[in-house]
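Morning, everyone. Please bring the model up on your screens, and we will walk through it together.

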Amino acid sequence: MTSRGRTTGKMKIKDILRDIINSALSDCVQKGALSIKVIPAIELETPKIQEHGDFSTNIAMILASEEKRSPRLIASAIAESIIDKDNVLAKVEIAGPGFMNFFINNDHWRNSLEEIEILGDSYGKSKAGEGKKVQVEFVSANPTGPLHIGHGRGAAVGDVLANILKAVGYDVVKEYYINDAGNQMETLGRSVFFRYLHLLGRDVALPSECYQGEYIVDIANDIVAKHGDRYLDEPDSKVISNFAVYAADSILEGIKEDLSDFGVKFDVWSSEKTFFESNKISEATEDLKKKGYIYQKDGAFWFRTTDFGDEKDRVVIRANGQPTYFASDIAYHKDKLERKFDMIINIWGADHHGYVPRMESVIQALGEKKEMLNILLVQLVNLMRNGQQVAMSTRSGEFDTLKEVVMEVGKDAARYFFLMRSSDSQLDFDLELAKKQNNENPVYYVQYAHARICSILRLAQEQGLNTPGFEDVGIDLLNLPEELTLIKQLLKYPEVIEGGAFALEPHRMTVYLNDLAGKLHSYYNKNRVLSNDLPLTRARLYLVKMVKIVLNNALHILGVYAPEKM
RNA sequence: GGGCGAUUAGCUCAGGGGAUAGAGCGUUGGUCUCCGGAACCAAAGGCCGUGGGUUCGAAUCCCACAUCGCCCGCCA
C-alpha cells in the first residue's frame, strides 16, 4: 500500500512546492553555490505539455545573467539542494534552455480529492478577498424601455462576477442605478402622451425623438383603461410629467421582472431622482467647486477633467441651469465613495468607453486613487439566427429584448452564452444554437456531464452501492492517465475562481467547465465506472462524485441549473 | 482627424513573456452485445493582420501601419 501522505494537511501543492524551491535556493546561497543577495519571487507555471511535468519554474534562467553561468548549471545546483520532506515530488527534471520541471507524486494528487469531499459545496471558495467591500454596479438601464440583449450580457457578466467575488471572500453589493430623472423622463412622458392622444382619436404626429416602441402604446392603453380621457382637460406639461412617472415605474417593474426571470437579483436600487431630491447633486458640484475643479465658461459650469488626463473638460451644469447627466453621476459616485467600498466595479457597454477618463477624474478629484474604480467594458452582442444577423433597431420599435431571448432559449442557455467569451470580444449569440440539444450547444454539453454522473450514481444506488467516503476507497486504484488528468483538473478549480476574481474575468468559468465536462465525457466513454470489480467501482464512483461536486459548484456560480436528469 | 477594443485553423473564439499553438463548429473517416449516442475517437486544417523593436525567449510586451467594430453633445 502506498502511503496516504496526508502530512501536507491543507496546504496547496503550489505553496508546498514554492517552499521547497525557496529552501533549496537559500541552501544554495549558504553553501556558496549561488552568489545572489536576494532570492527573487518564484514563478510556477503549469506547462502545456504533459512531458514537462506538473509545474515548472524559470528561476534558473532568471538568475543566469546575474550568476554569469548557464541556466542549466544553476538549475542542477538548485535541484541538488532540494529536500522533499513531505514526499510530494516524484521527480525533478532540468529541460530545454534551463527549465526545472517538477513531477508531483500521483499519491498526492489522489489524496487531495478528499478535500473536495470534505468541503463539498464550499470547495472552490476561499478567503482571498479578505472580506473587502466591493460594489458591482451593472445593467443600470434607463427606465425608458425594456432591457435588450446588450443589457443581458451586462447582467450576466455582472451577476456572475459578483458570485465569483463572493466565492473568494469579498463582501459584495450588487447595485442598479436608475436614471429616472432628466430629459429622457420628459421624452418618455411625451411619448406616452402622444400615444394617449392617438388612442383617444386625436390626429397628432408622433415626434421623431419620442420612443417608438409598442410598449409605449401598452402603457398608454393602461392609462386609458384606468382613467379614460380625463387627462385631456389638464395642462399638457402636468400630464406629461405625470405620465413620465407612471411610465417609468411601469417600465422599471418590467425590468425587475425580466432580471428576476434571468436569475439576477440586486441588493440595492439607487435612484437618480432621489439624488436630485436630496440635493446631493448640487452638493457634489459645490464640493468640486470648493476644491477648485469647476470653472464657468459660456454660461455653463465645467469640470476640469483635463487635470486628470481627459481629452477635454466636461460640462456639469448647462447654461440653462440644468445639471448634466455627468453631474448626477458625480453625485452618485461621491455617494459610492462615502459608503466606504474598498473597490468599485462599473460594468458598461463598450459604447460608453469615452466616459471612462471623466469618471476616473471624478474619483481622483474626490481624493481617491483611480485604481479603486474598475470599469469593465462589455462589447456588443450580435444576435444571430442560423448564422444570419438578426436586425436590431430601436428606432423602428423592433426590439430584441432580453425577455424574448430568455423565453426562446431559456435562462440557462442565455446566461451561459453571455459568459462564453471574454468581455472585450464581441459576442455572436445564435438563438438556434442556444436551443440545440446536442453537442454543438456548450450548455447542454456541460449540463449533460452532470446529469450523466447523476445517472451513474442513481444506478449504483439501485444496485445497493452508495457512494463511499474517502476512507473507504482504495484511492490508488485510480491509476489511469485519464483519471489523473481528471483529478488534476478538479484540483485546479480553486485557482480558476481566484484568477477570475482578480482579473475580473467571469468567462474563465465557462472555459473551465467546458474543459472539465470534456474530460469527464472522454473518461466515461473509454472506461466503465460500474463493473464487476467492486473496489475499482467504488474508487471510480468516488471520482465521478467529486466531478459532480465541482460541476455543480461551478454551474452554481454561473447561475445555471445543474440537472439530475435531462 | 482623435480615442477604445478586436485581428490566432474555413467559421466562432480560448490562450496575455516560456519549451511542440488550443477548443467547439464545419470537413473526412471511425465508435452502440457495455453505466444516458444530448457522448466519444482519429485525420486534415496555422508565417497567431503587416513591419520594426525590447531579451536568453514574443501569439503574448513596446512603436508604427493596415483592416473591422464602437465612441468623440451644454443627450443619457
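**A sheet, a helix, then the whole chain**

Let's start with a sheet: 4 strands form it, it is open, and the order is β1-β2-β4-β3 with antiparallel pairing. Its edge strands are β1, at 44-45, and β3, at 89-95, and each of these pairs on one side only. Keep in mind that this is a predicted model.

Now look inside the sheet. Strand β2 covers residues 55-57, and strand β4 covers residues 99-104. The two run antiparallel, with 3 bridges joining them. Which residue of β4 stands opposite F55? That is F102.

Next, helix α5. It takes in residues 149-167, so 19 residues at 1.5 Å a residue should span 27 Å. The C-alpha atoms at its ends are 27 Å apart, and that agrees. Is this helix mostly covered or mostly uncovered? Mostly covered: 17 of the 19 residues in α5 are buried. Just past the end of α5 comes G169, with a positive phi of about 95°.

Now zoom out. Chain A holds 19 helices and 15 strands. Its C-alpha trace spans about 90 × 65 × 40 Å along the principal axes. The chain has 566 residues, and 51% of them are buried. Take the contacts between residues at least 6 apart in sequence: 72% of those join residues at least 24 apart.

Last, the surface and the charges. Chain A exposes about 26600 Å², with 48% supplied by carbon and sulfur atoms. It carries 68 positive side chains and 80 negative ones. The centres of those two sets lie 3 Å apart.

Key:
Residues numbered from 1 in each chain as written. Chains lettered and ligands numbered in written order. Predicted model: local features only at pLDDT ≥ 70, side-chain atom pairs only at ≥ 80, totals over all residues. Heavy atoms only, no water. Pairing = 2+ DSSP bridges. Expected span 1.5 Å × (residues − 1). Buried < 20%, exposed > 50% of the residue type's maximum accessible area, 1.4 Å probe, protein only. Contact = heavy atoms within 4.5 Å. Areas by Shrake-Rupley, 256 points an atom, 1.4 Å probe, with all protein chains shown as cover. Lys, Arg positive; Asp, Glu negative; His and termini not counted. Charge placed at Lys NZ, Arg CZ, Asp CG, Glu CD.
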